[in-house]
Amino acid sequence: MSKVGIIVNGRAAPDCRIPMFALAEEYIGGKEFAVNMMSTADGIECTDAWLYRKEVGEGVARYISADMMDPGEKKLEKVVTYAKQVAAAVGILYGAAHLELKASYCEEKKQYINPCMIEIGARLSGGRKTTLTQAVIEGWQPFQALIDAHCGNKVKFPLSFSPGEQHARHLFLPHRLSGRITEIRGADRFESLSTYHSHFLLAKVGDVVERTTDITSFGGFVWLAGPRQAVEDDARAVWETFSFQTEPIEKESNVGEISGVPNM
């Protein structure tokens, strides 16, 4: 049931409260990015940027992955500039800033253009992207930098936040079918991947789950960091071998099964 449907029917939301109001927002087109920054007395530094990949259809929007980008790359110039301007405009004078936005790619200019804010927060990024960046960017200590920024100390930035030939990817693991989980296949292979960083499973055998339709209904996540091609290969291995096996239960619908390897 949609969030609007929950409100109309007076049903409890995932946090067990019964919503009384809904906020309708204009749909923003383009690709989705997360841009992370550190603000100090010397200015605002962009530390990392991420491009989200999604499957959209059947009334759902499922994340596939989030890929680390090079914040110094020309095609992200307008995205990064815009992110810094937003952080300054809302008064993030020291400490972390996390901006989510959308932008469209212009083939003629070879750049992402017309960035539009989704949300801004005076915080580090979630989804372990802070620790992934730390793993990829030599000399970057984000947690020490956060403390130093808030204390007014000089923040030590690396010479560059370009990942170069290194890469990081956040994989989202969906429930392909609604039902009761009977087996979790492939999770025992995660730690053998050459670029394995960490993983987390939100579901276990015996749990009753619904088919993944949005960010709140994924079954787990895998984080990879290392040489770009190795990350690509390991991500493909995860998609090809991992799955939640389920058996149907009464009154559950499996319309629109998620199948196959995502188009990366």
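In this predicted model, Glu-107 and Lys-110 form a salt bridge, with the closest N and O atoms 3.3 Å apart. Glu-107 counts as exposed, at 52% relative accessibility. Lys-110 counts as partly exposed, at 48%. Lys-110 sits in the turn of a hairpin and has a positive phi of about 55°. The hairpin is formed by E4 and E5, with four residues between them. Strand E4 covers residues 95-106 and strand E5 covers residues 111-121. The two strands run antiparallel and are joined by eight bridges.

The whole structure holds twelve salt bridges. One of them joins the side chains of Lys-74 and Glu-77, at 3.7 Å from N to O. Lys-74 is exposed, with a relative accessible area of 55%, and Glu-77 is partly exposed at 42%. Another salt bridge links Glu-232 and Arg-169, at 3.1 Å from N to O. Glu-232 lies in helix H5 (residues 228-241) and Arg-169 in strand E6, so this pair ties together parts that are 63 residues apart in sequence. Arg-169 is buried, at 3% relative accessibility. Glu-232 is partly exposed, at 29%. Both residues belong to a network of salt bridges that also includes Arg-53 and Asp-67.

Nonpolar side chains tend to be buried together in soluble globular proteins. Here, the largest nonpolar core has 22 residues. Trp-50 and Ala-168 touch the most other members. Several elements give two or more residues to this core, among them strands E1 (31-40), E2 (43-57) and E3 (60-69), as well as helix H4 (142-151). A second, separate core has 19 residues, including Val-79, Ile-92, Leu-101 and Tyr-112.

Helix H3 spans residues 129-136 and contains Thr-130. Thr-130 counts as buried, at 11% relative accessibility. Beyond its neighbours within four places in sequence, Thr-130 is in contact with Leu-124, Ser-125, Pro-142 and Phe-143.

Three strands form an open, antiparallel sheet in the order E9-E7-E11. Strands E9 (208-209) and E11 (243-247) stand at the edges with a single partner strand each, so one side of each has no neighbour in the sheet. Strand E7 (residues 179-185) is joined to E11 by five bridges. Arg-185 stands opposite Ser-243 in E11.

Definitions and conventions:
Residues are numbered from 1 along each chain as its sequence is written. This is a predicted model: local features need pLDDT of at least 70, side-chain atom pairs count only at pLDDT 80 or more; totals for chains, interfaces and linings use all residues. Side-chain values use heavy atoms; hydrogens and water are left out. Two strands pair if DSSP finds at least two bridges between them. Buried means under 20% relative accessible area, exposed over 50%, partly exposed in between (1.4 Å probe, protein chains only). Contact means heavy atoms within 4.5 Å. A nonpolar core is a set of buried Ala, Val, Leu, Ile, Met, Phe, Trp, Tyr and Cys residues joined through side-chain atoms within 4.5 Å. A salt bridge is a side-chain nitrogen of Lys or Arg within 4 Å of a carboxyl oxygen of Asp or Glu.
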